[in-house]
Every structure is written in structure tokens, then in C-alpha cells.
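Please keep the structure open as you read.

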Amino acid sequence: MDSPAPPPATAGGTPSPAGPRPRHRDRHGRGMRGPIAPPQVPLSVSRGEAFVDLVHDSAERLERLWPQLSAVDFVVREVPVTTRDGRGTMSDSEGLDAFEFDGETVPLGRYVAAHGDAPDRIVVYRRPVEIRTKTRDERALLVHEVVVEQVAELLGLAPESVDPRYGQD
């Protein structure tokens with residue numbers, strides 16, 4: 001009488017686990033086969049990631065003019081955080097301060113002076129900037145203007161002296 005064939009051995013000499021292989025598509029052979037676009041294509045970049053790239057591009061452009069900015073952290077936050085008590089005290093563990101809302105103006109950015117071990121920070125608020133712009137080019141221009149204004153506050157200079165093209169289209 002013939003004996004049953006032994007289970008096939010894997011590379012390590014141990015038998016392969018019995019069971020169905022995981023399905024990557026539905027039972028009719030349809031469904032997603034892979035990503036819609038490769039990672040290097042702009043389609044796969046989220047709006048938040050694109051905004052962070054705009055802020056870092058602007059910061060790099062200014063660092064070429066002002067090398068001391070290499071020690072400054074450029075941070076993107078979704079929205080500004082207000083204080084409940086109106087005193088402007090520290091709001092979170094990262095050391096970013098909350099702003100006192102005056103009922104009229106929502107800030108687009110903020111300069112936070114160094115304290116303790118935390119370096120100087122320039123914060124750009126994504127949602128207020130996106131609401132004020134319609135196209136990517138407008139957004140890039142507004143992000144650069146916000147970064148220039150905050151760097152000017154940090155350096156104690158006028159925005160026009162930080163970037164000579166400030167305020168020009």
C-alpha cells in the first residue's frame with residue numbers, strides 16, 4: 001500500500017503551515033491590486049504634507065540668506081490654540097504658547113521665543129492659511145509671507161530687509 005506523501009518542506013526544513021493564503025482581492029478577482037500612484041507622484045502627497053513642504057522650502061530659502069535660522073525650529077500646526085483664562089500661558093508639553101483671542105483676528109503664524117532647552121520656534125497654522133487661499137501658488141506665497149514676518153519678528157528687523165521680495169507677486 002502506498003503511503004501518503006510527506007508535506008513539502010520549506011527552506012528551513014520545517015513543514016509549511018497548512019491553511020489558506022491571505023486574499024488580497026475579493027473572491028471574484030476584482031479590487032485594489034496596489035496603490036493608485038507611486039509615492040513620488042504628487043497624487044500620493046496629502047494636503048498636510050504638501051503644506052509642511054511649503055513651510056520647509058520657505059525656511060530653507062531664508063536660511064541661505066540668514067544662516068542663524070538653522071537653529072530655529074519651523075513647526076506646522078493645524079489651528080492655533082486659545083487660552084481659556086486669557087493669560088497666554090503655556091498650552092502643551094511642546095512649549096508652544098497659546099494665544100489670547102481678541103475676537104477678530106486668527107493668527108496665521110507665531111514666533112515663540114526660546115525657553116529652557118527649547119529653541120526658538122516659528123509656528124505656521126495650516127488651516128487659517130488654507131482658508132485664505134484658493135490655489136497652490138497663492139498658498140505658497142502666503143506661507144512664505146507668514147514665515148518672513150515671523151523671522152522678521154525673531155531677528156527684530158522689517159520683513160522687507162529679511163527678504164527683499166517680500167510683498168511682491
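## Arg77 and its strand

Arg77 sits in strand E1, which covers residues 73-77. This is a predicted model. With a relative accessible area of 25%, Arg77 is partly exposed.

## A network around Arg126

How many salt bridges does the structure hold? There are 4 salt bridges in the structure. Glu78, Arg126, Arg127 and Glu130 are linked in a network of such bridges.

Let us start with Arg126 and Glu78, whose closest N and O atoms are 2.7 Å apart in their salt bridge. Arg126 belongs to helix H2 (residues 126-131) and Glu78 to the loop between E1 and strand E2 (109-112), so this pair ties together parts that are 48 residues apart in sequence. Arg126 counts as buried at 9% relative accessibility, whereas Glu78, at 40%, counts as partly exposed.

Arg126 also forms a salt bridge with Glu130, and here the closest N and O atoms are 2.8 Å apart. Glu130 and Arg126 are 4 residues apart in helix H2, which means that about one helical turn separates them. Glu130 is buried, as is Arg126.

## Where H1 meets H3

Now for the helices. Helix H1 (residues 47-65) packs against helix H3 (residues 136-155) at an angle of about 50°, and their axes are 9 Å apart. That angle makes H1 oblique to H3. The crossing in which H1 passes H3 is right-handed.

Which residues of H1 meet H3? On the H1 side they are Phe51, Leu54, Val55, Ser58, Arg61 and Leu62. They meet Arg136, Arg139, Ala140, Val143, His144, Val147, Val148 and Val151 in H3. The residues of this contact between H1 and H3 divide into 9 nonpolar, 2 polar and 3 charged.

## Arg61 and Asp163

One of the H1 residues that meet H3, Arg61, also forms a salt bridge with Asp163, the closest N and O atoms being 3.3 Å apart. Arg61 lies in helix H1 and Asp163 in the segment after helix H4 (159-162), so the pair ties together parts that are 102 residues apart in sequence.

Note on methods. Residues numbered from 1 in each chain as written. Predicted model: local features only at pLDDT ≥ 70, side-chain atom pairs only at ≥ 80, totals over all residues. Heavy atoms only, no water. Axes fitted to C-alpha atoms, helices over the stretch in contact; angles between N-to-C directions. Helix = DSSP H or I, 4+ residues; strand = E, 2+ residues; numbered from the N terminus. Parallel < 35°, antiparallel > 145°, perpendicular 65-115°, else oblique. Left-handed = near helix turned anticlockwise from the far one by under 90°. Contact = heavy atoms within 4.5 Å. Nonpolar A, V, L, I, M, F, W, Y, C, P; charged D, E, K, R; others polar. Buried < 20%, exposed > 50% of the residue type's maximum accessible area, 1.4 Å probe, protein only. Salt bridge = Lys/Arg side-chain N within 4 Å of Asp/Glu carboxyl O.
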